[in-house]
Structure formats: C-alpha cells, structure tokens
Amino acid sequence: MKKILFAFAVLLVMAACTNKPATAVENNEESSGVAFEVAKNYFFKSDQVIPEYPKITTEEEFNELFGMATTMGENGKPTAIDFTKQFVLAIVMPATDFATEINPVKVEEKGDSLLYTYEVKTGEKQSFSIQPVSIIILDKKYENKRVVLVNDRETTYFPAIDRYLTDSIGSYYAKGEHCVPIHSIVAVDERNSEDILVWGDFWVFNYNQMGDTLKCVSGGSHPGLMHIRQTEKGFEVTAFDQAEDGSKYLPTAKKIFGDKYDAFHAINSDEKNRERLRAEGLSVYAKKNGLAVNLYQDYGWPAKKLEE
C-alpha cells in the first residue's frame, strides 16, 4: 500500500490511538478538591505500550497493563482496587536510567473535567533503568469526567509525535483550518532514552469546519519508525523512517517493521476498526479545541457521526 496524497478525493480510513487527555478547561467555572488514594506496589508490564490517556475504568484493562509487585512487610501488598466502586488515573513514563519520581499533587473537579496536578522529579543517573509509574484511585462517581493533566513536563512521547506530524508532514498537504494527527502504535522500544523507537501507522488530515461538520481537505498515511529523544522537559522526534511509495512500499515497510510487520499489517488492514478509531480521534480533537461539530465528511461520501 502506498501513501495516500489527495485534495478533495476519496480517503482510505485511518488508524488512531485516541483518548488523549484534554489540556484546557473553561476558566469561569469553579473547582473543588477531589479525594484520591495512591496505589502502591504495582509495575507496568514491559510488553505493553504506554497508554496515552491516564483513565482506566475496568479491572481487565488494568491487569493487562500492570502487574503486582508484592514485597515483604506490612506494607508490601499492592493497594486493593475495587473497579465496581473505583477507577484509576495512571501515569507511566518511558524507561529511564535517571532516578525519577511522579508525585500526585491534587485532583480538582471543574465542570465536566477533572484537573489532575502532578510533578515529576528527576535525580541522578543510575547504573540501571526504571519505569516510572504513578497510580491514583478515585471514586467511580467521577468516572465519566474528562481528565486534564496539569504539569510543566511531558511524560510521554505522543505530544512530540503529534507536533512532528503536524509541523513536518501536515504542512506539505493542502491546508485546512484544522490539522489532525493520528497514530496507531505497533510497538515501542524505550531502552535508550536518547533513541526511543516507536513503530506505527501515522496519519495526518486537514479539515475545514462547515457548520457542524468537519470536511476533509487533504491527508495521508505514513507508516514507519519514529526516533525520539527524551530531554529534561519532554521529548522530540529526531528522525522518521518512512515506508516508500509504489513498488518500493512492501520491501521498505518490511525492512522498517521487521518482525513487527505482521502486527502492522493486521492493524493497517482492519478497515472497520480504523474507521471507528478515526471517528474517536476526531471527537477528541473537537472537544479539546472547543469545536461545535458532531459530523465529519470525506469528499463524495455521506457525513458520519463523531464518536461520543
């Protein structure tokens, strides 16, 4: 499959890792404190991709991502979590050889949002790597509120990927009012903080808003491997290895993805799931940017509803 470049043309549907945390709320709403409990003695499973969104509402999803780290002593057992009455907010950072702590500060309710303030403290370089994790437990009555992370430091590489897709790739397409980057992550290698490797199917789409509808102007698919560097304040993309077009697509994609090619192909070829994820991604973008839209449309096709 080659990259799709078009302006007012039929689109192939896209893949997306969505449910990103919002970054702004209305300033004229009052806030109130929300009680939480810090969950201790859990570790993030190394074969999982770091979640983009901190909210976890089911035991099944939690157990897929985290394991129990039971130790000796009275406080050695993992904190109990009852997902019938509670949910969690989990922040996970890439593995690092610097002593790193994620400390929850406060959670506030503000309108339909939860503002979660936390701080990241970085110490000296160590002779071993760690995976910084912070999990807090909240009452289930707050479960349906969107989560706004409040911190001056990025804890994942997803914002860096979004910036790269928007600035370095989206600018080459026919311009629209809104550039929406989407990524479906295939695999991650976080062992080297100077060269974090993220394989995925990356998409960029430009839209114009017409009434309550986002109408696609241009966009395309860019499968490949992102090289990302971790800095003191966050992350930056240093290079992007892309699958080439035409007859070179298959050999270059197989070279880039290697033993991960089958996983990439499975994600890329699932059209129904890709369309569902696309709608979810656009819905998150619309809410994050305060857009009064509930439909999206490709040229020549009927408008479709955004995911709630």
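This is a working chat about the predicted model shown above.

User: What kind of model is this, and how are residues numbered?

Analyst: It is a predicted model: local features need pLDDT of at least 70, side-chain atom pairs count only at pLDDT 80 or more, and totals for chains, interfaces and linings use all residues. Residues are numbered from 1 along each chain as its sequence is written, and side-chain values use heavy atoms, with hydrogens and water left out.

User: Let's start with strand 13. Which strands does strand 13 pair with?

Analyst: Strand 12 (178-189) and strand 13 (196-210) run antiparallel and are joined by 11 bridges. Strand 13 also pairs with strand 14 in the antiparallel sense, over 15 bridges. Strands here are DSSP runs (E, at least two residues) and helices are DSSP runs (H or I, at least four), numbered from the N terminus. Two strands pair if DSSP finds at least two bridges between them.

User: What else pairs with strand 14?

Analyst: Strand 15 runs antiparallel to strand 14, with seven bridges joining them. Ile228 stands opposite Val237 in that pair. Strand 16 (residues 295-297) pairs with strand 14 in the parallel sense, over three bridges. There, Thr213 stands opposite Leu295.

User: Are strands 13 and 14 mostly covered or mostly open?

Analyst: Strand 14 is mostly covered, with 16 of its 18 residues buried. Strand 13 is mostly covered too, with 12 of its 15 residues buried. Buried means under 20% relative accessible area, exposed over 50%, and partly exposed in between (1.4 Å probe, protein chains only).

User: Now helix 2. Which of its residues are buried?

Analyst: Phe158, Ala160, Ile161, Asp162, Leu165 and Ile169 are buried in helix 2. The cover over them includes strand 12, strand 13, strand 14 (213-230) and strand 15 (235-242).

User: What span should helix 2 have?

Analyst: Helix 2 (residues 158-169) has 12 residues, so at 1.5 Å a residue it should span 16 Å. The expected span is 1.5 Å times one less than the number of residues. Its end C-alpha atoms are 16 Å apart, which agrees.

User: Which residues touch the most others in the largest nonpolar core?

Analyst: That core has 33 residues, and Phe62, Phe66, Tyr157, Ile161, Val198, Met226 and Ile228 touch the most other members. Its largest share, five residues, comes from helix 2. A second, separate core of 16 residues includes Val34, Met93, Tyr118 and Val147. A nonpolar core is a set of buried Ala, Val, Leu, Ile, Met, Phe, Trp, Tyr and Cys residues joined through side-chain atoms within 4.5 Å.

User: What does Val198 touch?

Analyst: Leaving out residues up to four places away in sequence, Val198 touches residues including Tyr157, Ile161, Ile185 and Met226. Contact means heavy atoms within 4.5 Å.

User: And Phe66? Buried or exposed?

Analyst: Phe66 is buried, with a relative accessible area of 3%. Its place is in strand 6 (residues 66-68). Beyond four places in sequence, its contacts include Phe43, Ile56, Val92 and Ile135. Phe66 and Tyr42 are 24 residues apart in sequence and 6.3 Å apart in space, C-alpha to C-alpha.

User: Switching to strand 8. What is Thr96 doing there?

Analyst: Thr96 sits in strand 8 (residues 96-110). Thr96 is buried, at 5% relative accessible area. A polar atom of its side chain lies 3.1 Å from the backbone nitrogen of Phe98.

User: Last one. What order do the strands of the open sheet take?

Analyst: Four strands run 3-10-7-5, with antiparallel pairing. Strand 3 (37-39) and strand 5 (55-56) stand at the edges with a single partner strand each, so one side of each is left without a neighbour in the sheet. Strand 5 pairs with strand 7 (residues 86-92) over two bridges, where Ile56 has Val88 as its bridge partner.

How values were computed
A polar contact is a pair of N or O atoms within 3.5 Å; within protein, one must be able to donate a hydrogen and the other to accept it, and residues adjacent in sequence count only if both atoms are side-chain atoms.
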